[in-house]
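Subject: Structure handover

Hello,

Here is the structure for you to look at. My notes on the aromatic rings follow below it.

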Amino acid sequence: MSAKTDAEVIIGGKVYTLSGYESEEYLQKVASYINNKRNEYDALEGYKRLPVDMQSTLLELNIADDYFKAKSQVEKLEQDLEAKEKEIYDLRHDLISNQIKMESDEKALKELEKENKELLLNKTKLEANLEDALLGKVPGQKKEDNEKKDNIPSNAMAAEEMAVSDKEESKDTEHNKAGQDKKHL
C-alpha cells in the first residue's frame, strides 16, 4: 500500500489539509474540481442569494450528479469493452478455425494434385498402349505373336507389294512379247 500523503489545498478561498493515499497532484486536482464547480455556481445570479447551507447542498448535489453520470459512463464503457473483447475472442476463434480449415484444404489440394498427376501419367501410358495396340505392338504379348504380326503385311504394305509385283509381271510380259515379236521377224 502507498504511503499516506498530506497536501494543503485551497477550496473556496480557505486553506485545507487533505490526507490520502493518492498523490499530492491528485489531491490538488480534486480541490481544483470543487473550486471550478463553486465558480460555475457563483456565476449564476440566484445562487448567491441562497443561504450558505443551501449553496453547499446544491454544490454537493451537482458533484454527486457528476459522480453518478461518470460512474454510469464507466459501466457502459466497461460493458462495451467486454463486448469488444468477446467479439475479438470470437474473431480470433474464427480466424484459428479458418486457418485450420485452410491448412486442411491445402493438404487436400496437394493430395488431389498428386492424384491428378498420377492419373495424367496413367492416361498417357494407356494412350501409348492403345496407340501401340492399334499399330500392332501390344506390350506383354509373346515375342512369337509380335513376329507373326510383323510377318503379316499391313494394307498399305500389301498394296505396295502388289503394285511392285504387277510392275514386274508387266515387264516380264513386255519382255516376252518383244521376244516373240523378234521371232516373227
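Is F68 buried or exposed? F68 is exposed, with a relative accessible area of 53%. Exposed here means over 50% relative accessible area, buried means under 20%, and partly exposed is in between (1.4 Å probe, protein chains only).

First, the ground rules. This is a predicted model, in which local features need pLDDT of at least 70, side-chain atom pairs count only at pLDDT 80 or more, and totals for chains, interfaces and linings use all residues. Residues are numbered from 1 along each chain as its sequence is written, and side-chain values use heavy atoms, with hydrogens and water left out.

Now the rings. The whole structure was searched, and two aromatic pairs turned up. Rings of Phe, Tyr and Trp (its six-membered ring) pair if their centres lie within 6.5 Å; planes under 30 degrees apart are stacked, over 60 edge-to-face, and the rest tilted.

Y41 and Y47 make a tilted pair, at 5.5 Å centre to centre and 40 degrees between the planes. Y41 is buried at 10% relative accessible area. Y47 is buried too, at 6%.

Y67 and F68 are the other pair. Their ring centres are 5.1 Å apart and their planes stand at 70 degrees, so the pair is edge-to-face. Y67 is partly exposed, at 48%.

One polar contact also involves Y41: its side chain meets the side chain of N62 at 2.3 Å. Such a contact is a pair of N or O atoms within 3.5 Å; within protein, one must be able to donate a hydrogen and the other to accept it, and residues adjacent in sequence count only if both atoms are side-chain atoms. N62 is buried, at 19% relative accessibility.

Best wishes
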